[in-house]
Amino acid sequence: MTTATTAPGEPAAAPSPSTSRVMETRALSKRFGDFIALDALDIHLDRGQILGFIGPNGAGKTTTIKILVGLLRPSSGEAVICGADCRRDARRIKKLVGYMPDRFGSYDNMRVSEYLDFFGAAFGIPRRARANRIHEVLETTNAAYMRDRYVESLSHGMQQRVGIARTLLHDPEVLILDEPANGLDPEARVEMRQLLLRLAAIGKSLIVTSHILPELARICDQVAIITNGRLRAFGPLAEIMRRVSQERTIEIQLANREDLPRAARIVDAFHGDAGASVSDTELMVRFRSHKSEDELGDLLRDLVDQRVRVSQFRELQADLEDAFLSVTREDGDRARIDAGAGTKAAR
Amino acid sequence: MGVFGNPIIAREFTNLLRSRRAIHLFVAVAAASSALVLMRWPSDAIVDLSGNQSRQVFRVFGYGMLATVLLLTPVFPATSIVREKNQGTLALLFNSPLGPVSIFVGKLIGALGFLAVLLMMSVPAAAALTAMGGVSPLREIGGLYALLALAALQNTAISLWISSRATTSDGALRWSFAAVLAVSVVAIGPHQFLQGRGTESLLSTGAEYLRCVSPIPAAMELMAHSDVASQGFESRVRAAPGYPLAALAITLAAAIATTTRLNYRIFDRARSQGVMTHERSRGEQWARRLFFLVDPQRRTRGIAPLVNPVLVKEFRCRRFGRFHWLMRLMAASAVVSLVLTLASTTATMERGVETIGGIMVALQVALIVLLTPTLAATLISGEVESGGWTLLQMTPMSAARILSGKLMSVLWTLLLIIVSTLPGYLVIVWISPESWLKVRVVLICLAWTAAFALLASATVSAFCRRAATSTTVAYVLLLSVYAGTMLIWLGRDAPFGHAMVENALRINTMAAALSVMGTPGFVTYRLIPDAWWITGGACVGFAVVLVLRARTLTRPQ
């Protein structure tokens with residue numbers, strides 16, 4: 001399978017060969033009246049990498065994406081894609097970026113080939129090159145068999161693939177995909193994951209938002225976690241995991257239900273708080289801890305000394321979901337503290 | 001479950017009442033009906049024993065209320081079922097103990113309740129009219145309200161049936177307006193041409209019965225007007241008693257058809273597998289070549305260079321915009337124009353150029369007013385609603401290119417349809433060569449009408465986020481200009497003076513064309529060139545607003 005590396009229509013401006021950075025935001029902010037949708041966002045992306053953009057609903061993901069693709073004007077700061085400023089170089093941005101919104105944007109009574117033909121013509125790709133290009137992008141996205149189907153009759157997963165084919169038509173440097181795996185069944189999600197990895201392998205840089213974090217964890221080189229318009233974590237996935245794993249989750253599996261309250265008391269005493277959670281159905285005591293390996297060894301010894309029958313004592317492996325929850329929990333705690341301070345100040 | 005325990009009635013009714021549009025409508029109806037009565041309210045001590053003044057007001061009031069009901073009835077029920085279907089709430093209703101009859105009755109009464117409140121807004125004016133004397137409160141005022149209620153019932157039932165069959169809200173609106181027009185206006189057409197042919201003519205008798213499905217002849221009878229475009233012949237079938245029967249029969253038929261649709265099969269929609277002609281057997285390929293002038297299953301070529309891609313896209317994604325449909329449309333128009341030519345040749349001899357020319361103008365304007373919003377009122381709002389506008393924004397195409405592609409796609413279709421209806425004028429010019437100048441002026445008026453309808457509908461579509469809303473607003477706007485002003489014309493000389501009618505008609509290029517044609521009732525009004533200037537100015541205004549709005553919509557927010 002081949003994919004053209006030069007634009008079939010007007011050539012898109014390529015980034016300088018001296019740098020591999022294709023996207024960068026500096027102190028990017030957006031306000032809607034008094035509401036701060038985005039607050040001093042600093043992220044970047046290198047060529048051929050995939051950036052997972054994570055955040056709860058209303059966190060500011062779509063606002064960031066709309067600024068990057070030139071649909072929204074930032075209040076301050078700047079966003080640059082391959083050297084083109086998202087605020088000032090709208091025309092260049094359109095050629096450099098392939099954007100797939102969370103809505104497909106279907107047209108009635110149009111076949112897939114006609115749908116792609118229209119967007120190809122809109123991007124100024126000449127007719128002969130356009131036909132070849134449509135064939136290529138449909139092959140790349142494994143959607144060649146759909147070319148004569150009507151777009152409104154396609155399933156959601158098929159529409160997502162046609163949507164990606166559309167973003168690839170003008171051979172953009174950066175693909176920005178808003179929730180590409182949303183609503184897909186497991187098989188279609190696997191296909192989507194493979195497709196995104198294939199696109200990264202041919203040199204495309206991708207920014208992907210998703211709520212399905214395990215999927216993102218498998219494909220992302222970089223992760224940005226955003227809540228309430230603020231960047232909470234940004235960097236390579238492994239680095240974020242390391243940060244999160246400073247506070248580990250420990251699980252103690254018991255052999256006997258009667259031992260559960262006693263085990264929870266021992267754990268709480270060990271920690272000096274009542275943070276342990278007990279699961280009756282799993283016969284499990286769970287807690288989060290900053291303690292070292294030696295200290296945890298002492299805890300296990302205490303449990304055994306006090307005749308608690310422990311069948312397993314293990315650390316739970318952290319994943320992207322934990323990282324996300326950890327960051328959002330911190331954010332929630334901070335919000336509660338701020339609210340408390342505000343209440344005190346009001347008093 | 002009884003009618004009063006039906007939860008859909010309360011939901012539909014309160015939802016309609018909650019909207020700001022509802023308040024505007026109520027205030028507008030109350031203000032317009034009161035103003036009408038106040039205009040002719042006796043201001044001196046002389047009592048009008050003949051009741052002439054109140055009868056004049058009663059006629060305009062009656063036609064005005066009838067026009068309001070015909071115009072507003074489809075708006076709410078037409079989107080009622082299809083919107084629930086597309087939002088997924090219809091499936092929830094099917095999953096509840098409510099049966100199809102309860103759902104239908106709930107929606108019917110909900111919509112009718114809203115119309116009842118609307119009609120009640122005019123009751124104070126009607127009461128004042130009765131107080132003026134000369135109008136019977138029970139027989140005439142009561143009869144009028146009964147007629148309006150029947151018209152509302154009939155059209156609501158038809159609109160609900162269309163809503164149950166439609167796939168999109170704006171499509172349902174278009175078909176509902178077309179159905180209301182067909183039932184209320186087109187049904188009168190055959191009687192206009194065939195009346196006075198004698199009892200032996202089956203067609204003439206059929207036409208007399210057919211006109212009973214429309215509330216207009218019944219309203220005319222009620223207001224002691226002569227029959228529709230009467231040529232002095234007396235109809236054997238009275239419309240006033242015939243209409244209630246016809247309306248109830250249509251309502252019942254629509255109710256049965258709708259309730260049989262209200263089950264899970266409503267969600268079934270065949271998905272085309274997109275089989276192309278070259279993938280079929282050799283025999284099928286030959287058959288398709290033989291029977292299809294332009295095969296719709298043939299793989300299309302790419303968009304040609306120098307052609308605006310938006311123009312091609314608009315034609316391709318329109319259900320009847322494909323080339324094979326355009327060919328069929330042209331063929332149908334050719335047949336219609338031949339029939340029209342034949343009819344006008346024979347009828348012109350009998351009734352004169354003025355009458356036949358007037359009918360042709362009215363039919364063409366009706367076609368333009370009915371068709372243009374279906375094409376132009378969703379140009380931008382449809383894209384915004386489907387999410388396609390964001391994709392267009394992401395292409396390097398300028399606002400001007402997008403807009404010109406969209407406008408041209410409608411303009412070509414309108415031109416095609418208007419041109420196919422022109423042969424009738426050729427016959428008029430052949431019969432009466434001195435009419436050539438008149439016909440030229442009429443054609444200019446038609447061109448302005450098409451331009452106004454196109455630009456007004458497109459501008460409305462640029463300000464709405466939903467295709468159904470923009471379609472409704474465009475219809476209301478165009479019908480206000482082209483039908484609303486005709487209501488004032490109906491009250492010419494009384495209660496409205498000559499100057500007022502002339503001023504009102506100046507915004508109506510159809511009236512201008514009719515005055516040029518010398519159609520009876522329009523001869524005394526001098527509307528040209530003022531009508532051209534006013535319509536032209538409005539077109540320029542709409543065009544400027546449209547371009548500015550399109551530029552705003554394509555720029556970053």
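In chain A, β8(A) pairs with strand β9 (residues 205-209) in the parallel sense, over five bridges. The model is predicted. Within β9(A), A:Ile207 is the bridge partner of A:Ile176. On another pairing, β8(A) runs parallel to strand β7 (residues 97-100) of chain A, over four bridges. There A:Val97 stands opposite A:Val174 of β8(A).

How many residues of β8(A) are buried? Five of the five residues of this strand (residues 174-178) are, so β8(A) is largely enclosed by the rest of the structure. In a regular strand, side chains alternate between the two faces of the sheet. Here A:Val174, A:Ile176 and A:Asp178 point one way. A:Leu175 and A:Leu177 point the other way, and all are buried. The strand also belongs to a β-α-β unit: β8(A), helix α6 (residues 186-201) of chain A and β9(A) make it, and it is right-handed.

Next, a helix of chain A. Helix α4 (residues 127-140) has 14 residues. From first C-alpha to last, α4(A) reaches 20 Å, close to the 20 Å expected at 1.5 Å a residue. Its buried residues are A:Arg130, A:Arg133, A:Ile134, A:Glu136, A:Val137, A:Leu138 and A:Thr140. What covers them includes α3 (112-122) and α5 (156-168) of chain A. After α4(A) comes A:Asn142, with a positive phi near 55°.

Backbone exceptions deserve a separate look. Most residues other than glycine have a negative phi, and most peptide bonds are trans.

Chain B has a cis peptide bond. It runs from B:Ile528 to B:Pro529, with omega near 10°. B:Pro529 is found in the loop between α25 (509-517) and α26 (530-554) of chain B.

Chain B is also divided by its domain assignment, into domain 1 (3-41 + 49-266) and domain 2 (306-554). The contact between them takes 20 residues from domain 1 and 19 residues from domain 2. Which elements of chain B each supply at least two residues of the domain 1 side? They are α3 (52-72) and α9 (169-184). The largest share, eight residues, comes from α3(B). By class, the domain 1 side divides into twelve nonpolar, four polar and four charged residues.

The two chains touch as well. From chain B, 28 residues are in contact with 35 residues of chain A. On the chain B side, the elements that give two or more residues are α15 (309-317) and α19 (388-393). That side has eleven nonpolar, twelve polar and five charged residues.

How values were computed
Residues numbered from 1 in each chain as written. Chains lettered and ligands numbered in written order. Predicted model: local features only at pLDDT ≥ 70, side-chain atom pairs only at ≥ 80, totals over all residues. Expected span 1.5 Å × (residues − 1). Buried ≥ 20, exposed ≤ 12 C-beta atoms within 10 Å, placed from the backbone. Contact = placed C-beta atoms within 7 Å. Domains from an automatic or database assignment. Nonpolar A, V, L, I, M, F, W, Y, C, P; charged D, E, K, R; others polar. Pairing = 2+ DSSP bridges. Right-handed = clockwise from strand over helix to strand, strands pointing away.
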